[in-house]
Amino acid sequence: MTDLYPTYDVIVVGAGHAGSEAAGAAAELGAKTLMITMNLEAIAKMSCNPAMGGVAKGQLIREIDALGGLSGIVSDRSAVQYRMLNRSKGPAMWSPRCQSDRMLYAQYMREELEKKQQLSFRQDNVVDLIIDEGAVKGVVTQTGQKFYSKSVVLTSGTFLNGLIHIGDASYGGGRSGERASIGISAALEQQGFAVGRLKTGTPPRIDGRTVDYSKLEIQYGDDNPTPFSFSTKGPLPSAKEQLTCWIGYTNEIVHDKLREGFDRSPMFNGRIKSIGPRYCPSIEDKINRFADKDRHQLFLEPEGWSTYEMYLNGFSTSLPEETQYEALRLIPGFEEAVMLRPGYAIEYDYFPPHQIKRSMETKLIDGLYFAGQINGTTGYEEAACQGLMAGINAGLKSMGKQPFILQRSEAYIGVLIDDLINKGTEEPYRMFTSRAEHRILLRQDNADLRLTPKGREIGLINDERWAEFEKKRQGVEEIMRLFTNESVRPEQINDYLLSVGTTELKQPVKAYTVVPRPEVSVFDLLESAQDLKDKCYAITDDLYIYEQIEIQIKYRGYIEKEHEMVRELANKDNIIIPETLDYDRIKSLSTEGRLKLQKINPETLGQASRISGVSASDVSVLMVYLKRVS
């Protein structure tokens, strides 16, 4: 029988946020790529909250963009509100977030993907993998068609054996209105993969016309928003031009009504046995775990420019629909609210991530990559960055090139992947700034300076984007030289210094020595030192460059210390551990350390040192052994 379809370099299974980034990256690298999805109309669908970014998640989106991914560009095109979170804290904690138009996000992502000349699409359901001699060769769909490829990226989201729960009712589904994917889990188990179950959920959607907004607190966007993509040009909408969000609160009466449904809750009656996200619990879980709290905060968020559908963030639930509805109407401002669709919980299969390499390729099957919720993560951003890395590496592998790896010290993406492999997860993994020990280096503002050269090197950054980046990098270097070499005089800036409550100058000093003062702003300093301003603005008036200058000068001491720590740790990451190393031969290892090393099979000594259960003495023993046998 003649095969109907050509052989591809990369096949991406799934078209959510991981699948979209994977397919886009592989195709952009020049790999002949096929994206297979159960529904072509649901590409990059925002199944839960219509928003991108947030604490640490915003850093992930900026890193994706800096490398040449799509999520930042699409977020800017579809944004309805921007907010920079944690502005009151240091810049390592600043995290961009945007509320998105759900329909526009999916539309614009598909448009971006359809621009990729090497990318083809197929609406179908993959039910099996073609595997020969330990390597993936393609996929089999429910229609019986076989598609052959050099690499396969699985980005199945919550669809693998998905089971939806609403009160007493349970039914198969990948998300509301869409069926589950059956077959792949069993196929992978037969190949020796360990499989587990996780849970997530979503809140009811509200008819915004039926809400009394006078009883809610209004939440505006930023007046001068920061775009997600470093390539976004032109002014973004002001706070008045953006849509507003709203804040409401539950109360004890609401809690009592919700408790009435607990005996029918699948979370409490034993029907749901899997673990949900600790940091985004359902409303019934919050009431149960935090019984001392008499209210919980809710965020009412718009779904888009042209719809009255609203997302009730903080009210995720799987309680019976009537309980959801009755409790909803007891919340101030929601007395007449109409529920467009109820909240629900969903259980799905995942594959514990110790089974993948840092390239996202599985350890058991050559050429097979996992990305997104299949690895135990939660969130669009966590999925998207994994998809980008899997797509890059699947594309590179198909061309016979070495994998692209990001270290913990280089990106939040590196932290996420390292955490998943070495620490594992028994609950949906969510990124936080606290997970990154080098977060002063991994700020959202410098993602392009850190990663765009890497994106250029692997082939994701085009000439136009590279020219813009070089212009910015050169601008930062030239302005920094001016601040380092040019002096400011007392008669120029003393009035300004006194006005902000800091000590005046007694003599001229180099400009960079004044900037570290907490009260001093680079922008205000330049307004006082007119001659320095003239020289700077003759080079560039890009406000982002001056923000970068201020951060680099104010936090120079902390940044230099972090770089020293990174250099020390890099020595361990440069010591390669042979893939065939027999840990049973190293008698001085602790029992737990040996078991963990055998399970994870780390690639470097640095990776071994970060495995939970591997002690410092185990690392020392391993280092001595490696030196002896090298």
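Reader: Which helix holds both Glu114 and Arg110, and how many residues apart are they?
Author: Both lie in helix H4, residues 102-114, and they are 4 residues apart, about one turn of the helix. This is a predicted model, by the way.

Reader: Ok, and what do their side chains do?
Author: The side chains of Arg110 and Glu114 form a salt bridge, with 2.8 Å from N to O. An α-helix has 3.6 residues a turn, so residues three or four places apart point the same way.

Reader: How many salt bridges does the count come to?
Author: The count is 47 salt bridges.

Reader: What about Lys397 and Glu361, what's the N to O distance there?
Author: That salt bridge has 3.3 Å from N to O. It links distant parts of the chain: Lys397 sits in helix H9 (residues 380-398), while Glu361 is in the loop between strand E19 (344-350) and strand E20 (368-370), 36 residues apart.

Reader: Next pair. Where are Arg610 and Asp418?
Author: Their side chains meet in a salt bridge at 2.7 Å, N to O. The two are 192 residues apart: Arg610 is in the loop between helix H19 (605-609) and helix H20 (616-629), and Asp418 is in helix H10 (residues 412-423).

Reader: Buried or exposed, Arg610 and Asp418?
Author: Arg610 is buried at 18% relative accessible area, and Asp418 is buried at 4%.

Reader: Which residues do salt bridges with shared partners join into one network there?
Author: The network is made of Arg408, Asp418, Asp419, Lys423, Glu437, Asp573 and Arg610.

Reader: Staying with H10, at what angle do the axes of H10 and H2 cross?
Author: They cross at roughly 110°, and the axes come within 9 Å. H2 covers residues 57-67. The two helices are therefore roughly perpendicular to each other.

Reader: Which residues make the contact?
Author: From H2 you have Gln59, Leu60, Glu63, Ile64 and Leu67, and from H10 there are Tyr412, Ile413 and Leu416. By type, the contact has 6 nonpolar residues, 1 polar and 1 charged.

Reader: Switching topic: which residues of H13 are buried?
Author: Pro490, Gln492, Ile493, Asn494, Tyr496 and Leu497 are the buried residues of helix H13, which runs over residues 490-499.

Reader: What covers them?
Author: The cover includes strand E21 (487-488), helix H14 (522-528) and helix H15 (530-537).

Reader: Which residue just after H13 takes a positive phi?
Author: Gly501, with a phi of about 80°.

Reader: Now some single residues. Where is Ser318 found, and is it buried or exposed?
Author: Ser318 is in the loop between strand E17 (309-313) and helix H8 (321-328). Ser318 is buried, with a relative accessible area of 1%.

Reader: What does Ser318 touch?
Author: Leaving out residues up to four places away in sequence, the contacts of Ser318 include His165, Ile166, Gly167, Met267, Glu284 and Tyr344.

Reader: And Ile611, where is that?
Author: In the loop between H19 and H20. Ile611 is buried at 2% relative accessibility. Not counting residues up to four places away in sequence, Ile611 touches Asn422, Lys596, Leu597, Ile600 and Pro602.

Reader: How far is Ile611 from Met46, C-alpha to C-alpha?
Author: Their C-alpha atoms are separated by 33 Å, and they are 565 residues apart along the chain.

Reader: Last one: which strand has Cys98?
Author: Strand E5, residues 95-100. Cys98 is buried, at 0% relative accessibility.

Methods: Residues numbered from 1 in each chain as written. Predicted model: local features only at pLDDT ≥ 70, side-chain atom pairs only at ≥ 80, totals over all residues. Heavy atoms only, no water. Salt bridge = Lys/Arg side-chain N within 4 Å of Asp/Glu carboxyl O. Buried < 20%, exposed > 50% of the residue type's maximum accessible area, 1.4 Å probe, protein only. Axes fitted to C-alpha atoms, helices over the stretch in contact; angles between N-to-C directions. Parallel < 35°, antiparallel > 145°, perpendicular 65-115°, else oblique. Contact = heavy atoms within 4.5 Å. Nonpolar A, V, L, I, M, F, W, Y, C, P; charged D, E, K, R; others polar.
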